[in-house]
Amino acid sequence: MDQQSSFHCFGLFLGMQEKGAVSFAVDYEFSARTKPTEEYVSKYKGNYTFTGGKAVGYRNLFGMPWTAFMAEDSAYFINGILHLRAELTIRQ
């Protein structure tokens with residue numbers, strides 16, 4: 001449930017639990033397979049510097065209400081399975 005707008009949606013976050021002075025920068029991309037092509041489609045990409053206890057992500061990854069996301073004709077469920085991909089590249 002999105003606490004800012006009080007509706008249900010699908011969120012995805014990447015976090016780092018390490019506490020302390022460790023930090024590193026990443027490029028990231030969140031993708032999902034969609035019908036009818038079953039190809040991965042990029043939903044969000046960007047860069048982020050992780051520090052202890054911090055996370056990056058999206059409260060509403062698919063930009064739609066929960067009922068539309070979970071509907072029988074949802075483009076994101078292929079044979080009842082949601083396929084997600086999170087790609088990370090650590091930058092020097």
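Me: Which residue in strand 3 stands opposite Ser31?

Reply: This is a predicted model, where local features need pLDDT of at least 70 and side-chain atom pairs pLDDT 80 or more, while totals for chains, interfaces and linings use all residues. Residues are numbered from 1 along each chain as its sequence is written, and side-chain values use heavy atoms, leaving out hydrogens and water. Strands are DSSP runs of E, at least two residues, and helices are runs of H or I, at least four, numbered from the N terminus. In strand 3 (residues 40-51), the residue opposite Ser31 is Ser42.

Me: How many bridges join strand 2 to strand 7?

Reply: Two strands pair if DSSP finds at least two bridges between them. Strand 7 covers residues 84-91 and runs antiparallel to strand 2. Asp27 stands opposite Thr89 in strand 7. The bridges number eight.

Me: Why does strand 2 count as largely enclosed by the rest of the structure?

Reply: Buried means under 20% relative accessible area, exposed over 50%, and partly exposed in between (1.4 Å probe, protein chains only). Phe24, found in strand 2, is partly exposed at 30%. Strand 2 is largely enclosed because, of its eleven residues, the buried ones number eight.

Me: How far apart are the ring centres of Phe69 and Phe77?

Reply: Rings of Phe, Tyr and Trp (its six-membered ring) pair if their centres lie within 6.5 Å; planes under 30 degrees apart count as stacked, over 60 as edge-to-face and the rest as tilted. Phe69 is buried, at 2% relative accessible area. The planes of Phe69 and Phe77 are at 55°, so this pair is tilted, and the distance between centres is 5.3 Å.
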